[in-house]
Amino acid sequence: MAERDSTATDRDWRAAVLADVVRRPAGAGTPNRLGWPGYDGRPALWWGTGPVAGVDAVVAVWDFSVNGGSFGEADAGAFTDAAAAAVAGRRPLVSLVRSGGTRLQEGVAGLVGLARVSLALAELAAAGLPHIAVSDQPTTGGMWVTVGSRADLRCAVLGATVGFAGPRVVAAVTGETPPAGASHTAAAAQAAGLVDAAVAPAAVASWLRRALDAVALPAHVLAAARTPDRPAATGGGDQTGDDSRTSGAGDQTGDDSGGSGTGAGTAPVRGGWEQVLAARTGQRRPAGDILDDLLPDGVDLSGPDRTVRARVGRLAGTPGTGGPGPHAVGFALAARRGGAPGPAGYRLLARAAGLASRLGLPLVTLVDTPGAECGPAAEAGGIAAEIGAAMAEVLGCASPTLSVIVGEGGSGGALAACCTDVVLMSPDGYVTALSPEGTATTLRIGLDQAADTAGLRPSDLVSLGFADGVLPADDTDLPGLAHRVTAALTELTMRDNAVRLRQRKAKWSTGLDGFL
């Protein structure tokens with residue numbers, strides 16, 4: 001019979017988190033295959049179901065008092081059962097880790113449990129369900145490799161030892177002790193972008209609440225409220241009637257009621273170079289700040305490149321609704337004006353797009369970058385391949401995707417984040433195949449001519465078929481932007497999914513169909 005957890009104490013932050021979780025009966029222990037004297041084969045992991053921070057979840061809990069939380073055959077079986085229960089019950093999986101890694105007394109029999117964890121988590125991901133992990137003192141070895149560092153959302157507890165090999169193992173193997181505080185800690189893991197948050201024990205429950213709220217209600221739960229799907233465009237390969245290209249995209253003078261969310265703003269009449277200067281010097285907030293307000297109670301996805309930001313949560317409430325908007329994954333490229341992301345920035349974009357796809361959440365990107373980093377360090381770090389990988393993830397995202405060109409949109413570094421179902425332009429934004437400076441140098445022409453002939457203005461990009469609309473000036477930031485984004489995502493969500501994906505593929509796999 002199931003029983004309440006009695007292993008946590010009042011001094012343990014887990015006590016409050018697990019107060020209403022019903023613990024499942026433990027399975028049999030592991031046989032002593034290697035004949036260790038006095039071996040205790042009890043599992044160190046137990047799992048249960050119940051509300052965590054108000055959200056119904058499946059929880060896997062490591063008990064450090066049992067063999068240091070080490071992970072063996074029985075623990076792998078328990079974790080697999082927990083993941084299967086999450087899939088069956090359509091619940092998120094929460095892992096609370098305190099483990100030194102694989103149970104060495106079991107040898108290879110214990111080691112192969114890591115493969116079982118990976119397969120179980122793959123099934124969870126395939127089911128579109130989130131995995132949230134909290135790495136406590138300690139989280140090392142195989143549990144950091146397969147659980148703590150690979151979860152969809154990752155938190156570490158300040159003061160905890162976190163890393164692939166524990167500091168004593170590192171010293172024994174290499175002869176050098178890791179520098180105190182600068183490595184193998186929760187804070188160091190966050191600084192390196194390996195976890196999304198490093199928080200004090202008392203703050204774990206609050207982070208879990210926000211994390212679970214951010215991902216527990218995927219967009220596809222709205223399916224029951226959907227209107228009948230629109231018929232697919234006729235004519236086979238003829239995409240001229242494609243509603244993803246005509247839902248307000250070419251009409252720059254229509255009403256401002258929201259409709260499909262593409263808006264009907266107009267950009268000031270400028271030359272190309274004037275447009276670039278407006279994007280570079282105009283008054284607007286950094287995209288990272290806009291992202292914070294667009295997903296106000298969300299949680300961050302972290303990476304070592306601070307020129308980008310990723311966040312998952314509910315969109316801000318829109319005027320007249322009185323409540324929060326739908327869930328989404330948001331990405332700012334770049335987070336600060338003038339930022340040029342490097343390889344790690346595009347890896348975070350790929351992670352964000354992949355998470356949105358797995359969980360059925362819309363992806364919203366805010367683009368404001370002159371282009372990707374192009375120096376020797378970036379080149380050696382594989383910047384080209386990382387841009388390509390991120391672009392592939394955005395193009396392949398199964399969920400509705402929307403990009404807003406907030407300001408600058410330089411070259412392939414910007415395109416990776418805006419090859420989406422819908423592309424909206426700020427009146428002060430631009431997108432170009434290469435920076436005006438680069439174009440002028442390559443073609444041996446003047447800077448003004450390079451910009452004026454590039455077709456980079458919002459009106460040019462709509463005419464060419466690249467962008468789907470220009471936002472009214474008042475809707476390039478909140479609260480109006482939240483209304484536009486929510487309206488566009490609602491329209492995209494109502495479409496037949498197969499038709500929407502086919503339309504996206506058609507748009508980005510064929511040449512643009514417009515002319516200046």
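These are my notebook entries on a predicted model of one protein chain.

**Ground rules**

I worked from a predicted model, with local features needing pLDDT of at least 70 and side-chain atom pairs counting only at pLDDT 80 or more, while totals for chains, interfaces and linings use all residues. Residues are numbered from 1 along each chain as its sequence is written, and side-chain values use heavy atoms, with hydrogens and water left out.

**Overall picture**

I looked up the secondary structure of the chain and found 20 helices and 16 strands. These are DSSP runs numbered from the N terminus: helices are H or I with at least four residues, strands E with at least two. The chain has 516 residues, and 54% of them are buried. Buried means under 20% relative accessible area, exposed over 50%, and partly exposed in between (1.4 Å probe, protein chains only).

I then took the accessible surface, which comes to about 21000 Å². Carbon and sulfur atoms hold 57% of that surface. The areas come from the Shrake-Rupley method with a 1.4 Å probe; for residues, only the protein chains shown count as cover.

I also checked contacts (heavy atoms within 4.5 Å). Among those between residues at least 6 apart in sequence, 71% join residues at least 24 apart.

**Cores**

I turned to the largest nonpolar core, which has 66 residues. Such a core is a set of buried Ala, Val, Leu, Ile, Met, Phe, Trp, Tyr and Cys residues joined through side-chain atoms within 4.5 Å. The members touching the most other members are L96, V134, L153, W207, L208 and L349. Helix α12 gives the largest share of this core, 9 residues. Apart from this core lies another, of 26 residues, which includes A83, V97, A133 and V147.

I listed the neighbours of L96, leaving out residues up to four places away in sequence. L96 touches W13, R14, V17, L18, V59, A60, V61, W62 and V134.

**Helix α12**

Of its 17 residues, 14 are buried, so I noted α12 as mostly covered. G360 follows α12 and has a positive phi, near 70°.

**H131**

I picked H131 in strand β6, residues 131–140. Its relative accessibility is 4%, so H131 counts as buried. Beyond its neighbours within four places in sequence, H131 is in contact with L93, S95, L121, L124, V147, A151, D152 and L153.

**Salt bridges**

I searched the whole structure and got 28 salt bridges. The criterion is a side-chain nitrogen of Lys or Arg within 4 Å of a carboxyl oxygen of Asp or Glu.

D213 and R314 meet at 3.3 Å, N to O. D213 sits in helix α8 (residues 204–215) and R314 in strand β11 (residues 308–314), so I logged a link between distant parts of the chain, 101 residues apart. D213 is partly exposed at 24%, and R314 is partly exposed at 25%.

D368 pairs with R284, with the closest N and O atoms 2.9 Å apart. D368 lies in strand β13 (residues 363–369) and R284 in the loop between α10 (272–281) and α11 (287–294), so this pair ties together parts 84 residues apart in sequence. D368 is buried, at 1% relative accessibility.

D468 pairs with K507 at 3.1 Å between the closest N and O atoms. D468 is in the loop between α18 (458–464) and β16 (469–470), K507 in helix α20 (residues 497–509), and the two are 39 residues apart. Both D468 and K507 are buried. I also noted a network: D12, R14, R98 and D136 are joined by salt bridges that share partners.

**Surface patch**

I found V108, L111 and V112 forming a nonpolar patch on the surface, with about 270 Å² of accessible area together. Patches take residues with over 30% relative accessible area and no salt bridge, joining like charges within 9 Å and nonpolar side chains (Val, Leu, Ile, Met, Phe, Trp, Tyr) within 5 Å. V112 is in the loop between α3 (108–111) and α4 (113–126). V112 is partly exposed, at 45%.

**D460**

I ended on D460, in helix α18. D460 is buried, with 8% relative accessible area. D460 and L516 are 56 residues apart in sequence, yet 6.2 Å apart C-alpha to C-alpha. Leaving out residues up to four places away in sequence, D460 touches G455 and L516.
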